[in-house]
Amino acid sequence: MAQVQRAQPVDDLLDQDAARDFFFRGKNLYDAAQKSADNENRLELYQRAAEIFSQYLSEFPNHPNAEPTWWYLGNSFYQSGRINDAKRCFSTLLNRYGKGKWAAAAAYTLAADHYNRGEYAFAAPLFQRYAENAAKPEDRPRGNYFAGNCYRLLGRDREAIGAFLRVLEDPAGGLFAPQAKVALGAISLRAGDFAAALKYFEEIVVSNEAAKVRGEAALNAGVAAMKLNQPELSEKYLQLVLTSPGMDDFRPDAQTALMENAFSQKNYDRVIEIFRASVVKAKDDKEAARLMVAARAYMRMKRPSEAMGLFREIERLSDPDSENAFNAAYLRLLCFFQIEGKHVPDQVDAFLQLYRKSRADDPRIHTALMLKAESLFTEKKIEDAAKTYSEVQVDLISESNRPGLLYKRGWCLAEAEEPQGAIRSLSDFIQRYPQDKRVLSAVAKRAESYVKISEAALALADFDQLTKAEDPALRQFAWLESARLSRAENKIEDMSLRYEKLLSETEALSDARTAEANYWIGWGKIKLNKAKEAVPFLEKARKLRPKVYAKHAGILLALGYFAAQQVPELAAEIETAIRGGYHHDIPKQAIQWSGMQSWNSGNPKAAAAALESIADPDEPKETSKEIWRYLAKARLETRDAKGALQAVNYLLDVEDQPAWKADALLDRGRALYQLEKFSESRKAVDEAMALGPQGRTSGGLRILTGDLDVQDKELGKAAAAFLYVVQFHEDADLKPIALSKLIDVHLKQSNAAEAKIYQDQLAKEFPDWKPR
């Protein structure tokens, strides 16, 4: 950019001396080097010149030509590649002589070197020194202009403005004045003083300056006008750049500015129209900026696929560590999220691998983490989602996304069995955004989390808040879950009240919830010794969901019927329990009582079913005598003679009371009779009679004796046995049996008259009796 200035030595041709000759020997070699077209020869000439100039300064340090010699020596070194030696010479010249055209030339050479290396802080004061020591008037604006450029590039706008104003104020500044105005306009534009910037730029646009200078000014005038919300004026200047010859270098930037203008007006179709109309592309970062505007327009138009391709191109064009590449990668990630969620976690991981370490606190990093967490949660990868949500810093997320983040994170942590974290996030959401429509849903999830950490009081407070909700589903949920919680806390009355509130909801409940409520209300009433009140609830629960509640409701119903002394209902429940295989869960006391009562109420089948369910033939002595006794009788009545015989044999093994032993022998005899083992049956009768039985046992033995006599065709003996019972036993069960059997015997003896007497007696005394 900056070229080395030519300088002339002292003209001492008239002063003939050795020093002068020495100097011109070096000068001649230097001039020859500059004219040489051969690189190798030129380098050799510069090196020879440097040797002579060095020797000259060593021998004649105070000669009048010593000052230019330092410059020629420095430049010889510079041109021969010995840069540091060259800089040392120029610095010596500046330090020793300070001012003058040779100092100016040295300052300019050093400044140009620093400038071309991007070392603007070193270049700026040297350009100023060059301007202050200018050999010609036009060198002053040159030095001030380049000094201003250095300060502008350093962001030291105050010093840059001073330098550029000196260019404008310099009578010889005409060559650099237009560029200085453009630079001043650029500084004003950057500082936000758009009106001042527009004024500077417009002065150049309407001037007769070169098209390239006017093009830069027109481009920036368009940008300034756009900032001043003057779209028509902006369009005018930008179109001037696009259509004017000689302004080709600025056309890509003008197109970008036009696109930005349309974007700011939300005219996204126009953005894409401008983008597609131009075949001219910018380079590197400028092309990336142009593509960025188009890509963002595609995003606003809900066309993420087209935007993604442009963002990829921006990443390719940009330095990987630049803000531009980072932002493009982030926006591409957003597009991917809009298109599909399935592979978002992988895309986010790739993005984080590139940028997280260097930009850990950037909101876009945490927004990307949020997208990953949401995608994982959608894929039901709850634990991974919860872990990712925990990495997101809430305060780095945009305010518009913050409610959703807190709500979803809380929900996800709850599902991942991290209740403490869920409570913190949901509470933060509820406190910050009380008007959000998801607050009650968050309260519900927080209540569940309180339950998991055994904070019953806090959970109930949340549930009670939900019972006042307008949404019936939330009310039902609150009554149900609070009832379950009270049940777990063994607060039976509160549990029952909450289940009753659930049943009172006007909206239809599912069968599952209705059955649950009825079951636990019934369970509670059993616990509160209100067994009779429990029955309808338990019956309804079992009816609605028999697979779930048949057993448990049946057990509770059995207890309820037992407590209420409802014999038929209890017997039916026990039979159901036996069929269901859960009778072992019903207290034996209740089953035994039911069996006894069924027997006493004339239901031997139910009695047998109940009693045999609690009898243990493997360990008969572990079963009470009463169970074996009544089980035998019930089996006899149900014609299970073999089972009856088994039961009575177990009983006789342990029975030692004569009266009860006689009763058991009677049952053994009856069982053997049914099995047609008549001789063994008579033996049992004789053994029983020997014990002197009384009452029903005696009557029963005589009836059985009569039956055996009939089998032996001893009808007279049989009639006597039956008649004894008729005459001496007033038992309402035995007497009609004895009368019936006596009638049969007389009929077999063809004694119709006697039979008629007893038929009349049977009809009179037992008109409703029917043989079993």
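Visitor: Before we turn to helix pairs, how are axes and the angles between them defined here?
Guide: Axes are lines fitted to C-alpha atoms, taken for helices over the stretch in contact, and the angles between N-to-C directions run from 0 to 180 degrees. The model discussed here is a predicted one. In it, the axes of helix α12 (residues 231-243) and α13 come within 9 Å, and they cross at roughly 155°.

Visitor: Are α12 and α13 roughly parallel or roughly antiparallel to each other?
Guide: The crossing of α12 and α13 is left-handed, and their axes cross at roughly 155°. Since angles over 145 degrees count as roughly antiparallel, α12 and α13 are therefore roughly antiparallel.

Visitor: How do the residues of the contact of α12 with α13 divide by class?
Guide: On the α12 side the contact includes Pro231, Leu238 and Leu242, while among the residues that meet them from α13 are Arg251, Ala254 and Leu258. Taken by class, the residues of this contact of α12 with α13 divide into 7 nonpolar, 5 polar and 2 charged.

Visitor: At what angle do α7 and helix α8 pack, and how is α7 oriented to α8?
Guide: The axes of α7 and helix α8 (residues 157-169) lie 8 Å apart, and the two helices pack at an angle of about 160°. That angle makes α7 and α8 roughly antiparallel.

Visitor: What classes of residue make up the contact of α7 with α8?
Guide: The crossing of α7 and α8 is left-handed. Among the residues of α7 in the contact are Tyr145, Ala147 and Tyr151, and those of α8 include Ala160, Phe164 and Val167. By class, the contact of α7 with α8 has 8 nonpolar, 3 polar and 3 charged residues.

Visitor: Which helix gives the most to the lining of the largest pocket?
Guide: The largest pocket has a volume of about 1300 Å³, and of the 33 residues that line it, the closest to its centre are Glu637, Arg670, Leu734, Ile737 and Arg772. At least two residues of this lining come from each of α31, α33, α35, α37 and α39. With 7 residues, the helix that gives the most is α35.

Visitor: How many charged residues are in the lining of the second largest pocket?
Guide: The second largest pocket holds about 750 Å³ of space, and of the 25 residues that line it, the closest to its centre are Glu216, Leu219, Asn220, Phe250 and Lys286. Helices α7, α9, α11, α13 and α15 each supply at least two residues of this lining. By class, the lining of the second largest pocket has 13 nonpolar residues, 4 polar and, for the class asked about, 8 charged.

Methods. Residues are numbered from 1 along each chain as its sequence is written. This is a predicted model: local features need pLDDT of at least 70, side-chain atom pairs count only at pLDDT 80 or more; totals for chains, interfaces and linings use all residues. Side-chain values use heavy atoms; hydrogens and water are left out. On a 1 Å grid over the protein atoms alone, a cavity is a set of points where a 1.4 Å probe fits but cannot get out, and a pocket is an open set with protein on both sides within 12 Å along at least five of seven lines; lining residues have an atom within 4 Å of a point. Grid points are joined across faces, edges and corners, and a volume is the space filled by probe spheres set on the points. Helices (H or I, at least four residues) and strands (E, at least two) are DSSP runs, numbered from the N terminus. Ala, Val, Leu, Ile, Met, Phe, Trp, Tyr, Cys and Pro count as nonpolar, Asp, Glu, Lys and Arg as charged, and the others, Gly among them, as polar. Angles under 35 degrees count as roughly parallel, over 145 as roughly antiparallel, 65 to 115 as roughly perpendicular and the rest as oblique. A crossing is left-handed if the near helix is turned anticlockwise from the far one by less than a right angle, and right-handed if clockwise. Contact means heavy atoms within 4.5 Å.
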